[in-house]
There are 2 protein chains.
Amino acid sequence: MRKSPTEPAPRRRPDPATRGPGGGRRHFLNRELLLDTAIAVIEKDGHEALTFRRLGAELDVAPTAVYRHFADKDELLRALGERLIEHALDGYEPAPEWRRTVREVAVAARRAYLAHPRVGALALARVTSSDVSFRLTDICLGAFRSLGLDAADAARYYLALVDMTLGSASLESAFAALDPATRAADDAVWGAEFLTASAERFPSLAASAPYMTGAFRDDHFEFTLGLLLDAIELRAAGHA
Amino acid sequence: MRKSPTEPAPRRRPDPATRGPGGGRRHFLNRELLLDTAIAVIEKDGHEALTFRRLGAELDVAPTAVYRHFADKDELLRALGERLIEHALDGYEPAPEWRRTVREVAVAARRAYLAHPRVGALALARVTSSDVSFRLTDICLGAFRSLGLDAADAARYYLALVDMTLGSASLESAFAALDPATRAADDAVWGAEFLTASAERFPSLAASAPYMTGAFRDDHFEFTLGLLLDAIELRAAGHA
DNA sequence: GGCAAACGTGAACGCTGTTGACTTTTTTGA
DNA sequence: TCAAAAAAGTCAACAGCGTTCACGTTTGCC
């Protein structure tokens, strides 16, 4: 954060004799370029590779040039989330069936928010200024309204949907950053250890152990989402 | 990570003349003390305050002493999650009613995993070695089994429950680390802007805007959880 | 053409997790 | 009982990150 101008940081001035050239206005950097570069970096090397230094290297600029376009990293990440949503869902038209609409939006949004563990939280922290996001919210609320729910209930179910979608993305994104050895240990151990070790003490666990994998496949999220939509449909029917 | 011993780091040796005293075995540090200190730090100042230096300061030891007890920060965080679960749920006995059981476990687990955004992901990455966690998994699976579900279905619903619970914790934990001004901006803007600005373009959004807050209250998670449990109950009935 | 604004640069800061050699204390085994 | 090994804590330092601030260059405006 930039400090109050009344309190200059006690920092040694660079020796003018050794200071190199300034940058000047080159007029090729802009937010969109930075964001698209950030997306490419994440897709190639994961979200932990997204540093200012990396962005600078990719675009042949000083890392600090990024601060001319984004106040700080959180602002970069917020804008990143919005851009990913636009890429995925700009121009989206609702499907004829409400469930399909909500599913398509949620699955795509989750995929977008997988980019970085903080993106979901940042999306929730500030009302977006993006027309695409407004429109998607409107579409989902409209889908719930088509079930006969009033505005307050539609909002409540929408927030449940958001919590689940962004939560799943946040969790999986954090998981993806763990080192592969840490992650890989899981499946093998569930399979081996509990078929034999603790069947008497934990019988339900022993019986289900072979099936306790796959929490992060896309179709697993869609399964959970389907449960949520079942419940919403059930409750809406109860309102009628 | 400690490197292979075949490849010493090219680092300048400290001048023996200036090197002070080593630490010796004082036998008062242990994992439990470190974990409980970590918990206290997080509760007092939030998860970003949890650094090795902070732990060292709290216990009057060098920060690097922590490495004698935990291989790295991830291992500390994993152990932290397990300890929090033990605090919350050790000795838990299932309620007479399956929904209440699952709800009590999920709400308490979510509360534990709010400690740090990475704890949920770390919990998923490795099969726990904690009896408490095994037992809780067994209890939840047992609750689903009591609905007449088979072992594979019980596992699938359990994973949905885990995804939702840990996801919600991960998201909210990340949200909690944002600065208060970023967080506070949200509610005011939902209230003001959309009652007036875009009602024609986004009618459902405009109607629901006054209700679009409160995503992070505990009762909101319980509402979403209730939806999930409704759906599980409905699908279990379809199996009968 | 000169000045102000915009934007990029470079040096440096503060902070974090981490490494590896050293020191001190405790434990072990003969 | 003593010496050696093990355990555990210390210290100095590293690499890397986000960030700040002063400087330098380019562009746009009057």
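Q: Let me start with one side chain: with which side chain does the side chain of A:D153 make a polar contact?

A: Keep in mind that this is a predicted model. The partner is A:R156, whose side chain is 2.6 Å from that of A:D153. To place the residue, look at helix α7 of chain A, residues 151-176, which holds A:D153.

Q: Is A:D153 buried or exposed?

A: The idea is to compare the relative accessible area with a cut-off: under 20% is buried, and over 50% is exposed. A:D153 has 10% relative accessibility, so the residue counts as buried.

Q: What does chain A look like as a whole, in helices and strands?

A: Chain A has 10 helices and 0 strands. Its pattern along the sequence reads α-α-α-α-α-α-α-α-α-α. Of its 240 residues, 50% are buried. Taking the contacts in chain A with a separation of 6 or more, 69% are between residues 24 or more positions apart.

Q: How many salt bridges are there over all chains, and what do A:R118 and A:D74 show?

A: The whole structure has 32 salt bridges over all chains. In one of them, the side chains of A:R118 and A:D74 meet at 2.6 Å, N to O. A:R118 is in the loop between α4 (98-113) and α5 (119-125) of chain A, and A:D74 is in helix α3 (residues 73-89), so this pair ties together parts 44 residues apart in sequence.

Q: Which residue does B:E172 meet in a salt bridge?

A: Its partner is B:R110, with a distance of 2.1 Å from N to O. The pair links distant parts of the chain: B:E172 belongs to helix α7 of chain B and B:R110 to helix α4 (residues 98-113), 62 residues apart. B:E172 counts as buried at 14% relative accessibility, and B:R110 counts as buried at 3%.

Q: What rotation superposes chain B on chain A?

A: For two copies, read the angle and the shift together. A rotation of 180 degrees, with 0.0 Å of shift along its axis, puts chain B on chain A at an RMSD of 0.1 Å. That is the relation of a two-fold axis. The same surface serves both copies, as 100% of the contact residues of chain B recur in chain A.

Q: Which residue of chain B comes closest to the rotation axis?

A: That is B:G167, whose C-alpha is 2.0 Å from the axis.

Q: How much area do chain B and chain A bury between them?

A: The size of an interface is often given as the accessible area lost when the parts come together. In this model, the two chains bury about 6100 Å², and 71% of that is on carbon and sulfur atoms. The contact involves 68 residues of chain B and 68 residues of chain A.

Q: How many salt bridges and polar contact pairs are found across the interface?

A: The interface has 4 salt bridges. One of them is between B:D230 and A:R235, whose closest N and O atoms are 2.8 Å apart. There are also 13 residue pairs in polar contact across the interface, both residues being at pLDDT 80 or more.

Q: Which helix of chain B gives the most to the side that touches chain A?

A: Helix α7 of chain B does, with 18 residues. By class, that side of chain B has 40 nonpolar, 13 polar and 15 charged residues.

Definitions and conventions. Residues numbered from 1 in each chain as written. Chains lettered and ligands numbered in written order. Predicted model: local features only at pLDDT ≥ 70, side-chain atom pairs only at ≥ 80, totals over all residues. Heavy atoms only, no water. Least-squares fit on C-alpha atoms with pLDDT ≥ 70 in both. Contact = heavy atoms within 4.5 Å. Buried area = accessible area lost by both parts, 1.4 Å probe. Polar contact = N/O pair within 3.5 Å; in protein donor to acceptor, adjacent residues only side chain to side chain. Helix = DSSP H or I, 4+ residues; strand = E, 2+ residues; numbered from the N terminus. Nonpolar A, V, L, I, M, F, W, Y, C, P; charged D, E, K, R; others polar. Buried < 20%, exposed > 50% of the residue type's maximum accessible area, 1.4 Å probe, protein only.
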